[in-house]
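Dear colleague,

Please find below the structure that I am handing over to you. My notes on its cavity, pockets and cores follow.

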Amino acid sequence: MRVVLTGAGGIIGGATWAALIRAGHQVTPLDRRHGWQLGQTVPLGDHDALIHCAFAHVPGRYRGGEGDDPAAFLAANLEGSRRLFDEAAEAGLGRILFLSSRAVHDGHPAGMRLPDDLPPMPTSLYGEVKAQAEAHLAGLRAPDRATCALRATGVYGPGPANKWRGLFSDYLSGRPVEPRVATEVHVDDLARALLLLLDHPAPPPSLNCSDLVLDRHDLLARVQDLTGCPSPPPLRADARALRVPDCSGLRAAGWTPGGMALLQDSLRELLDPVADL
């Protein structure tokens, strides 16, 4: 399949690009390194599908990623995404996939399980942008055009996706670590989900993508096993308020994330920048 991939130089876009190539797809990567940014016209002719992963934000922040310029944030991410989706539809692409976020659900009650078809209730500008872009994309669905917004949870993985460097450094240095529990998915599993949706016969308008309910206690206990660190892991966090995405739709389509086994297999590489293993 001939695929246009935006955000190809980002954490998720980069993993998706590599997965697409391994699967034999032809990829047109778009990002700043390739002279493109959100809001610019995309060369969509002679392509079959669009995977839209690009997002303009303050480095290291998604919620709050507008910084001190919400107008520019909206122009790039909402208006830019709407224009991109319209261009893809006008070019006759048969499949348009959008990397959305669990942030669209931040306003739902604490402890709620989040089904795939749950209407958005964002509480941040980031979540609002994702929700409105989702709605615009869903309005372009047609008998000859499949669309899907993939609502991803927190993403971890080696390299640029390793968000735990600071956490591991604090733990290994004996500094206090606050208890926390969150939902997570490995970046490679997220990329595999996007690839799966390229061939899904009839994807729904939105699907959740999450794998683990991960407590820092369990994560750092595994770090302790690998490193022999004498510091005890933090206490377990209270998970009762956690909103857990229900990923039954993606799993029914054949998605099989790596779970704790993949986390364990990844730990040495995740620890490499901060520990002498």
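**The cavity**

The lining of the largest cavity divides into three nonpolar, three polar and two charged residues. Here Ala, Val, Leu, Ile, Met, Phe, Trp, Tyr, Cys and Pro count as nonpolar, Asp, Glu, Lys and Arg as charged, and the others, Gly among them, as polar. The residues in question are Trp-36, Gly-39, Gln-40, Val-42, Gly-80, Arg-83, Leu-84 and Glu-87. About 30 Å³ of space lies inside the largest cavity, and the structure holds one cavity of 30 Å³ or more.

Please note that this is a predicted model, in which local features need pLDDT of at least 70 and side-chain atom pairs count only at pLDDT 80 or more, while totals for chains, interfaces and linings use all residues. Residues are numbered from 1 along each chain as its sequence is written, and side-chain values use heavy atoms, with hydrogens and water left out.

Two terms need their cut-offs. On a 1 Å grid over the protein atoms alone, a cavity is a set of points where a 1.4 Å probe fits but cannot get out, whereas a pocket is an open set with protein on both sides within 12 Å along at least five of seven lines; lining residues have an atom within 4 Å of a point. Grid points are joined across faces, edges and corners, and a volume is the space filled by probe spheres set on the points.

The largest pocket has a volume of about 1300 Å³. It is lined by 45 residues, of which Ile-11, Ile-12, His-57, Tyr-62 and Tyr-126 are the closest to its centre. Among the elements that give two or more residues to this lining are helix H1 (11-22), helix H3 (125-138) and strand E8 (181-186); helices (H or I, at least four residues) and strands (E, at least two) are DSSP runs, numbered from the N terminus. By class, the lining has 23 nonpolar, twelve polar and ten charged residues.

Ile-11 belongs to helix H1. With a relative accessible area of 36%, Ile-11 is partly exposed (buried means under 20%, exposed over 50%, partly exposed in between, with a 1.4 Å probe and protein chains only). Leaving aside neighbours within four places in sequence, Ile-11 is in contact (heavy atoms within 4.5 Å) with Pro-160, Ala-161 and Val-187.

The second largest pocket holds about 180 Å³ of space. Strand E8 gives the most to its lining, with three residues. Five nonpolar, two polar and five charged residues make up that lining, including Arg-63, Asp-106 and Arg-243.

**The cores**

A nonpolar core is a set of buried Ala, Val, Leu, Ile, Met, Phe, Trp, Tyr and Cys residues joined through side-chain atoms within 4.5 Å. The largest one has 32 residues, and Ile-12, Leu-20, Ile-51, Leu-150, Leu-190, Cys-209 and Leu-250 have the most contacts inside it. Helix H5 supplies the largest share of this core, eight residues. Beyond its neighbours within four places in sequence, Cys-209 touches residues including Leu-150, Leu-190, Leu-250 and Trp-255.

**A positive phi**

Asp-46 has a phi near 65°, a positive value in a residue other than glycine. Most residues other than glycine have a negative phi. Asp-46 sits in the loop between strand E2 (26-30) and strand E3 (49-52), and it counts as exposed because its relative accessibility is 65%.

With kind regards
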